[in-house]
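Dear colleague,

Please find below the structure that I am handing over to you, with the sequence alongside. My notes on what was found in it follow directly after.

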Amino acid sequence: MRPVILYVATSLDGRLEWLTNTAVDGDAGYDRLMGEIDTLIMGRTTYDYVIDHSDTYPYKNLISIVLTHHDIAAADGVQPYQGDVVTLVDQLRQKSGKAIWIVGGGEIVGALIQAELIDDLRLFVAPTFLGAGPKLWQPGEQAKTFELVNVSRAGQLAELDYRVRNK
């Protein structure tokens, strides 16, 4: 069964807007991640952010699935999807291939944590509180237990690697 990886960065208060102003040394495990995956899933807001902040679509060599209810700009390898993310991930896990990267956003992450479909959590924490903006974690999620397997540093980011416990 293909593993599902949540590789994401956040502020100390679980918000996502810090991405452009935190010093990072090296690639923060990004090259390693790219070698492990062949598919990524993201929401429409995340996709729009990537398109707006890139000269070319950076994931054209991967299968990119964008959860959306609207038309999206054409980009290499991008597939719009209008169904349930839990069903999608469950189906993708059954197919052969490399790991699946969950890029975001918060509703997608919450649904997959609730369905126990996240195998590895690679969380990069920036040393800042934002107080406002999109949140990584959505309210109302039931408690889930992860096991800490590694802690490292990439500049001002703390990397916390977790695996699902008792899965």
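Thr68 counts as buried, because its relative accessibility is 4% and the limit for that class is under 20%. Please note that this is a predicted model. Thr68 has its place in the loop between β3 and β4. A polar atom of the Thr68 side chain lies 3.0 Å from the backbone nitrogen of His70. Leaving out residues up to four places away in sequence, Thr68 touches Arg44, Pro80, Tyr81 and Gln82.

Ser64, by contrast in location, is found in strand β3. Ser64 is buried, with a relative accessible area of 0%.

The structure holds eight aromatic pairs. In one of them, the ring centres of Tyr30 and Trp101 are 6.3 Å apart and the planes stand at 75 degrees, so the pair is edge-to-face. This pair links distant parts of the chain, since Tyr30 belongs to helix α1 (residues 30-36) and Trp101 to strand β5, 71 residues apart. The two partners are classed separately by accessibility: Tyr30, at 26%, counts as partly exposed, whereas Trp101, at 4%, counts as buried.

Trp101 also forms an edge-to-face pair with Tyr59, with 5.5 Å from centre to centre and 85 degrees between the planes. Here, too, distant parts of the chain are linked: Tyr59 sits in the loop between α2 (44-52) and β3, Trp101 in strand β5, and 42 residues separate them. Tyr59 has a relative accessibility of 10% and therefore counts as buried. Ring pairs join Tyr7, Tyr30, Tyr47, Tyr57, Tyr59, Trp101 and Phe124 into a cluster.

In α3, which spans residues 85-94, the residues Val85, Leu88, Val89, Leu92 and Arg93 are buried. Seen down the helix axis, these buried residues fall within an arc of 130 degrees, so they line one face of α3. The elements that cover them include the strands β1 (4-11), β2 (37-43), β3 (63-67), β4 (78-81) and β5 (99-104), as well as helix α4 (106-114). At its N-terminal end, α3 is capped by Asp84, of which a side-chain oxygen lies 3.3 Å from the backbone nitrogen of Val86.

How do α3 and α4 pack, at what angle and with what distance between their axes? The angle is about 60 degrees, and the axes are 9 Å apart. The crossing in which α3 passes α4 is right-handed. On the side of α3 the contact is made by Val85, Val86 and Val89, and on the side of α4 by Ile108, Ala111 and Leu112.

Within α4, the buried residues are Gly106, Ile108, Val109, Gly110, Leu112 and Ile113. Their cover includes β1, β2, β3, α3 and β5.

Gly104 and Gly105 are joined by a cis peptide bond, with omega at about 10 degrees. Gly105 is found in the loop between β5 and α4. After α4 comes Glu116, which has a positive phi of about 55 degrees although it is not a glycine. Glu116 lies in the loop between α4 and β6. With a relative accessible area of 47%, Glu116 is partly exposed.

Glu116 is also among the contacts of Lys144, which touches Ile113, Gln114 and Glu116 when residues up to four places away in sequence are not counted. Lys144 lies in the loop between β6 (120-126) and β7 (146-154). At 25% relative accessibility, Lys144 counts as partly exposed. The C-alpha atoms of Lys144 and Gly155 are separated by 29 Å, and the two residues are eleven residues apart along the chain.

With kind regards

Key. Residues numbered from 1 in each chain as written. Predicted model: local features only at pLDDT ≥ 70, side-chain atom pairs only at ≥ 80, totals over all residues. Heavy atoms only, no water. Buried < 20%, exposed > 50% of the residue type's maximum accessible area, 1.4 Å probe, protein only. Helix = DSSP H or I, 4+ residues; strand = E, 2+ residues; numbered from the N terminus. Arc of directions from axis to C-beta. Contact = heavy atoms within 4.5 Å. Polar contact = N/O pair within 3.5 Å; in protein donor to acceptor, adjacent residues only side chain to side chain. Phe/Tyr/Trp six-rings, centres within 6.5 Å; stacked < 30°, edge-to-face > 60°. Axes fitted to C-alpha atoms, helices over the stretch in contact; angles between N-to-C directions. Left-handed = near helix turned anticlockwise from the far one by under 90°.
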